[in-house]
Amino acid sequence: MATGHTDPRRRERIIGATLDLIAEEGIASVSHRKIAARAGVPLGSMTYHFSGMDELLREAFTRFADHIVAVFDAHLAAPADRDQARQAVADLVHVLSEGSQRDLVLTQELYTLAARRPVYRELTHEWMGRSRTHLEKHFDPDTARQLDALIEGLTLHRALDNEPHDRALTLEAITRITTPRT
């Protein structure tokens, strides 16, 4: 294993190991020692690269939020009209709920951390704002806010239900929220 300045990816490995451990064991079980072992770095690297666990967790969850926002962007960048945007949001819900169990667990761990520790709420607030920015390319701000919450709820319900609802129900819910009232 490379050491010192010959190991430019050490910081990245620490962040990746942190997210992996949180996904596997939960945030309460994560420690500097476990992260260092998982990343294959000396324990002293933890305090060299990060001032403490809070800084490491903020960086790790910021990286995770960037990943999820990129998934939003991949789905919501191309639609040319409202109907295509609705289809893209439905695709997004199904990709998120059928995809990585790791991502689902990390999302819930971050939400729990933010609920318990207000300093992490800013991170979730920024994440939600970035997600809504993508939705606002296709829908007004109030609709984007409602739709963002719907995406979270439908994703969680589909991922955890023994018999997840189908795409038609997802699209129906999206259409109800995004159809202007007359």
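The model is a predicted one, in which local features need pLDDT of at least 70 and side-chain atom pairs count only at pLDDT 80 or more, while totals for chains, interfaces and linings use all residues. Residues are numbered from 1 along each chain as its sequence is written, and side-chain values use heavy atoms, with hydrogens and water left out.

**Overall picture**

The chain holds nine helices and zero strands; here helices (H or I, at least four residues) and strands (E, at least two) are DSSP runs, numbered from the N terminus. Its C-alpha trace spans about 65 × 35 × 30 Å along the principal axes. Of the 182 residues in the chain, 42% are buried, where buried means under 20% relative accessible area, exposed over 50% and partly exposed in between, with a 1.4 Å probe and protein chains only. Taking contact as heavy atoms within 4.5 Å, residues 24 or more positions apart make up 65% of the contacts in the chain with a separation of 6 or more.

**Where α1 meets α4**

Two packed helices are described by the angle between their axes and the distance between the axes. For helix α1 (residues 10-25) and helix α4 (residues 53-76), the axes come within 9 Å and cross at roughly 80°. These axes are lines fitted to C-alpha atoms, for helices over the stretch in contact, and angles run from 0 to 180 degrees between N-to-C directions. α1 and α4 are therefore roughly perpendicular to each other; angles of 65 to 115 degrees count as such, with under 35 roughly parallel, over 145 roughly antiparallel and the rest oblique.

On the α1 side, the contact residues include Ile14, Ile15, Leu19 and Ile22, and on the α4 side they include Leu56, Leu57, Phe61 and Phe64. By class, the contact of α1 with α4 has nine nonpolar, one polar and five charged residues. In this scheme Ala, Val, Leu, Ile, Met, Phe, Trp, Tyr, Cys and Pro are nonpolar, Asp, Glu, Lys and Arg are charged, and the others, Gly among them, are polar.

**An aromatic cluster**

Phe64 turns up again here: Phe64, Tyr111 and Trp127 form one aromatic cluster. Rings of Phe, Tyr and Trp (its six-membered ring) pair if their centres lie within 6.5 Å, and planes under 30 degrees apart count as stacked, over 60 as edge-to-face and the rest as tilted. By this rule there are two aromatic pairs. In one of them, the ring centres of Phe64 and Trp127 are 5.8 Å apart and the planes stand at 85°, so the pair is edge-to-face. Because Phe64 lies in helix α4 and Trp127 in helix α7 (residues 121-135), the pair ties together parts that are 63 residues apart in sequence. Both Phe64 and Trp127 are buried.

**Helix α7 and two of its residues**

α7 has 15 residues and reaches 21 Å from its first C-alpha to its last, close to the 21 Å expected at 1.5 Å a residue; the expected span is 1.5 Å times one less than the number of residues. Its buried residues include Leu123, Trp127 and Leu135, and what covers the buried residues of α7 includes α4, α5 (82-98), α6 (101-116) and α8 (141-160).

| Residue | Relative accessibility | Contacts beyond four places in sequence |
|---|---|---|
| Ser131 | 2% | Val69, Phe72, Asp148 |
| Arg132 | 10% | Ala144, Arg145, Asp148 |

The C-alpha atoms of Ser131 and Ala65, 66 residues apart along the chain, are separated by 9.6 Å.
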